[in-house]
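Here is a briefing on one protein chain. Please look over the sequence and the model before reading the points below.

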Amino acid sequence: MPVPERIAPAVKIARSLSLLALVPLLSIAACQRAPEQPADPSPDAKPGLSVSDGTLVLPAVKGNPGAAYFTVTNASDVATSLAGVHIDGAGNTEMHETIGGSMSPVESVQLDAGATVKFERGGKHVMAFELADTLEPGGTAEITLTFSGGDKLSAPLTIEAAGGSGSMGSMDHGEHMEAAH
Ligand SMILES: [Cu+2]
C-alpha cells in the first residue's frame, strides 16, 4: 500500500535528521578516544618493568671482563625489548648469549608482555669490560637497562668475587673469553 503523499516528506526529513544526528556522535567518540592513545614515553618511564637478583661477578684476573646476571620482568601488557645495558664502573658492556658452549653478542632481547627473562650463568649474560678498581666484592654497582622506545630502568648489582657461588659458570666464561682474546 503506497504511503500517502502527505506523510512521505516527513519520513524523508526524519531520516535526514537521524543521519545528521550521527555526525556529532561520531565526532564526540573520536574526541574521547584521542586522550587514551599512549603519550610520548618519558625517558625514565618504567611501565611494569622490573629488575631483580642483580649480580656482578668480577674476573679472576684483573683486566679481564666481568659478567652481570639479573632477572628482568615485563609485567605490562605491552611487549618491549631490552636494547642496551650500562653498568656504572664498567667502560663498556655487551649482551651475550651462550648456546651449546659458545657465546655470541646479542643486539636486543625480546620481552613479551608478562614475560620474565633471566640473565644467568650458561645463558644470556652481560659482559662488563674495563672494570674500575672501585668495584669490589661485597659492594654494589648500578646497572641501567635501556628498552626499545627509550625507557630506562636502574637497579643495584651485588658484586661478587670470581669463584663465588656458581664458580663453574664463571670459570667456563673466563676460559671462553681468554680463548676469544
Ligand atoms: Cu659473554
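In strand 6, L111 is the bridge partner of T80. The model is predicted. Its chain holds two helices and 10 strands.

**Overall layout**
- Along the sequence the pattern reads α-β-β-β-β-β-β-β-β-β-β-α.
- The chain has 181 residues, and 23% of them are buried.
- Among contacts with a separation of 6 or more, 70% link residues 24 or more positions apart.

- L111 sits in strand 6, which covers residues 109–111.
- Is L111 buried or exposed? L111 is buried, because 22 other C-beta atoms lie within 10 Å and the cut-off for burial is 20 or more.
- Setting aside residues up to four places away in sequence, L111 touches V72, N74, A79, T80, S81, L82 and V117.
- V78 is 33 residues from L111 in sequence, yet the C-alpha to C-alpha distance is 8.9 Å.

**Strand 9 and its partners**
- Strand 3 also pairs with strand 9, in the antiparallel sense and over five bridges.
- Within that pairing, G84 stands opposite T146 of strand 9.
- H86 stands opposite T144, also in strand 9.
- Strand 9 runs antiparallel to strand 10 as well, with seven bridges between them.
- L145 has L153 of strand 10 as its bridge partner.
- Strands 9 and 10 form a hairpin, with four residues between them. In the turn, G149 has a positive phi of about 95°.

**Two faces of strand 9**
- In a regular strand, side chains alternate between the two faces of the sheet.
- Which residues form the covered face of strand 9? They are A141, I143, L145 and F147.
- The uncovered face carries T140, E142, T144 and T146.
- T144 and T146 of this uncovered face are the residues that H86 and G84 stand opposite.

**The largest nonpolar core**
- The largest nonpolar core has 26 residues. Those touching the most other members are L56, A68, I87, V126, A128 and I143.
- Seven strands are listed as giving two or more residues each: strand 1 (49–57), strand 2 (66–74), strand 3 (80–87), strand 4 (90–99), strand 8 (124–131), strand 9 (140–147) and strand 10 (152–160).
- Strand 2 supplies the largest share, five residues.
- I143 lies on the covered face of strand 9. Beyond its neighbours within four places in sequence, I143 is in contact with G54, A68, F70, V85, I87, S154, A155 and L157.
- A68 and I87, two of those contacts, are likewise among the core residues that touch the most other members.

- D53, in strand 1, is a residue other than glycine with a positive phi, near 55°.
- D53 counts as partly exposed because it has 14 C-beta neighbours inside 10 Å.
- E130, in strand 8, is not a glycine either, and its phi is positive at about 50°.
- How many other C-beta atoms lie within 10 Å of E130? There are 12, so E130 is exposed; the cut-off is 12 or fewer.

Notes:
Residues are numbered from 1 along each chain as its sequence is written. This is a predicted model: local features need pLDDT of at least 70, side-chain atom pairs count only at pLDDT 80 or more; totals for chains, interfaces and linings use all residues. A nonpolar core is a set of buried Ala, Val, Leu, Ile, Met, Phe, Trp, Tyr and Cys residues joined through C-beta atoms within 7 Å. Two residues are in contact if their C-beta atoms, placed from the backbone, lie within 7 Å. Two strands pair if DSSP finds at least two bridges between them.
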